[in-house]
Amino acid sequence: MAFNLTRREFLKDLGLLGAGITLAPAAVSGNTIFDWDNEKTPQLHRPGWVSTSSVPTMEIDWDKMQRWREWRTTRGSFPEYVGKERDDRLTKLQTENLDRWVKQNKPGYTLKDRALQNAAGQGSGAQSFLPPKDATTPDKLGVAPWKGSPEDAALMLTAAMRHMGAGTVGFVELDSRTTEKLIYAEDPDKKVMSIEDVANPSEDDKKRVIPKKARWVIVWTIPMSQETMKTAPTALCSMTTGLTYTTNRSFQLRLQYFLAGLGYMGLGENSTNALGISPALGTMAGLGEMSRLNRLITPEWGPIARVFKMVTDLPLAPTKPINAGIMQFCKVCKKCAEFCPSKALSFDTEPSWEPRGPWSNPGHKAFFEDSTKCRAYWRQVGTNCGLCFTACPFGTKNQAFFHAFRNALTSATPVFDSALRAVDDWINPGPANPELGDPFKNPEDWWKRTDLPIYGINTSSGLSTI
Amino acid sequence: MWWLVLGIVIGALGFWLVSWAKAHKVAVQWYEWLLGVIAIGLGALALQNYYAFLREMEPQAAMVMLALLGIPALALAIIAVGLAWWQNTKKVAGAPKKS
Ligand code: SF4
Ligand code: SF4
């Protein structure tokens, strides 16, 4: 039977086909076609394949969870966990390796890499727990503080924060039985983080006081350059991480000024990773899902983003945790664990309630890592590695249709997870037999690229690109 | 934008193909059209992924996607055209000769 279309019918069908082909990428990425739980979270425009949930994909036992002392992580207690002798040996090894590599011009550790790494850490604003004193407050202007609904406040903050450099923004309401436990009991400098029934925040030699009325946590991501991360674990790769922290210090100060200008307090991280558990707060705010990395994976940038937070007394409509099939995918994938040169990451198929050492807090079912192995590798190469982030299939630049297809499929069903992992091995293979410090992608190629976006970040990610 | 251009090009080519088939009294079966449409869809996806992966600075991924989607697209297109050609030549060959 032959098709017997009139010319008019045929043209109509061709038009539909053209429209279908034209709109297909947008439909799968869902940026414009679908709306992401807009009733609950009007401020977030997430991809259509991301669904929200009242609980995160990582199980939490709030009764078991206690407020954590940040300095118990390997950031603060590495020498105690591995012993002084090993710590000294690693320090010596680090000095020797970096010294040799800079003289040998090892790609990623050359003079120019080290110079850029150093440069990217400069020029940040002052980082403080307490809000700035010199802000132009409503009081100084003789007007009342800003008033509006928690939804309006969330919308306003998101718009302001996106403009100042945040990738995604979410909000968590503190509850003493649950989410408040994600605020550190002690900061990296061992100061007690005390939540008290007082009007104003304060700080002395021993403690920082958060007023009880400051019940909301603003959580945000700052994306990192995926292409630069691909040079992990080199000094060049560490540069982009450093740049994100530098950016955030200035960002935090601006956010504190903004909140003060509205008549509210913004209590910031006093130093890197202070105040509260970033991945946990990011998970509760729906910025991403926990993963085999025991870190956050975002739908927008995979793990190639840093998470930051601030406590405020400005009432904000909380955003909900998400389920995009990421944690489920991790059960099958294991690529990061295979790539990890120190074998620090878990190879288990299911997450566990048991931490692998005193550096992790109990009370959540996670893929706990041996953090001392990871740190020991960092010390040997003199950088913060990041090979696991780089290997992750979700850490892509999301321009090819395949990424949207993979994300939609991962979210819809776990059936194709192992096939998708296999495809990722073809498209994101990495080096076959790397030696100590060898990069995922050649840093010397990076130095020839003058067409990377500003800061190496595609800032239109998450927005409609038609 | 490029998708719009591609849509227009495919639309124009399709229109020409149908007009040509009609003018030459070439009968095309519904499944041949279907195979053709799938081939065009896969081909468009192959192109999108190829160029986007190049923009992502992942040349190996670009080649993998070109092969993964482009080869089936090409195979389907060849099958669709081959089937239509074979059936039409068969018909012509089997037609009663003019006396
Ligand atoms: S940062 Fe490096 S050493 Fe640490 S877990 Fe990741 S891959 Fe392993
Ligand atoms: S590499 Fe695989 S297992 Fe590891 S975090 Fe990414 S998706 Fe999960």
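Analyst: A residue is called buried when its relative accessible area is under 20%, exposed when it is over 50%, and partly exposed in between (1.4 Å probe, protein chains only). By that reading, buried residues make up 53% of the 466 residues in chain A. This is a predicted model in which local features need pLDDT of at least 70 and side-chain atom pairs pLDDT 80 or more, while totals for chains, interfaces and linings use all residues. Residues are numbered from 1 along each chain as its sequence is written, chains are lettered from A and ligands numbered from 1 in written order, and side-chain values use heavy atoms, without hydrogens and water.

User: Why is Ser360(A) called buried?

Analyst: Ser360(A) has a relative accessible area of 10%, which falls under the limit for buried, and therefore it takes that name. Ser360(A) belongs to the loop between helix 11 and helix 12 of chain A, where helices (H or I, at least four residues) and strands (E, at least two) are DSSP runs numbered from the N terminus. Leaving aside neighbours within four places in sequence, the residues in contact (heavy atoms within 4.5 Å) with Ser360(A) are Trp68(A), Asn294(A), Pro355(A), Phe368(A) and Glu369(A).

User: What makes Ser54(A) buried or exposed?

Analyst: The relative accessible area of Ser54(A) is 62%, which is over the limit for exposed, so Ser54(A) is called exposed. Ser54(A) is found in the loop between strand 1 (51-52) and helix 2 (74-82) of chain A. The C-alpha atoms of Ser54(A) and Lys92(A) are separated by 49 Å, although the two residues are 38 residues apart along the chain.

User: How do you know which residues surround ligand 1?

Analyst: A residue is near a molecule if one of its heavy atoms lies within 4 Å of it. Around ligand 1 these include Cys340(A), Cys374(A), Cys385(A) and Cys388(A), together with Tyr377(A) and Trp378(A). Helix 12 (371-381) and helix 13 (387-391) of chain A are the elements that give two or more residues to this shell, and helix 12 gives the most, with three residues.

User: What makes a set of residues a nonpolar core, and which residues touch the most other members of the largest one?

Analyst: A nonpolar core is a set of buried Ala, Val, Leu, Ile, Met, Phe, Trp, Tyr and Cys residues joined through side-chain atoms within 4.5 Å. The largest has 47 residues, of which Leu293(A), Leu345(A), Phe389(A), Phe402(A), Ile427(A), Phe53(B) and Met65(B) touch the most other members. Helix 3 (residues 59-94) of chain B gives the most to this core, with five residues.
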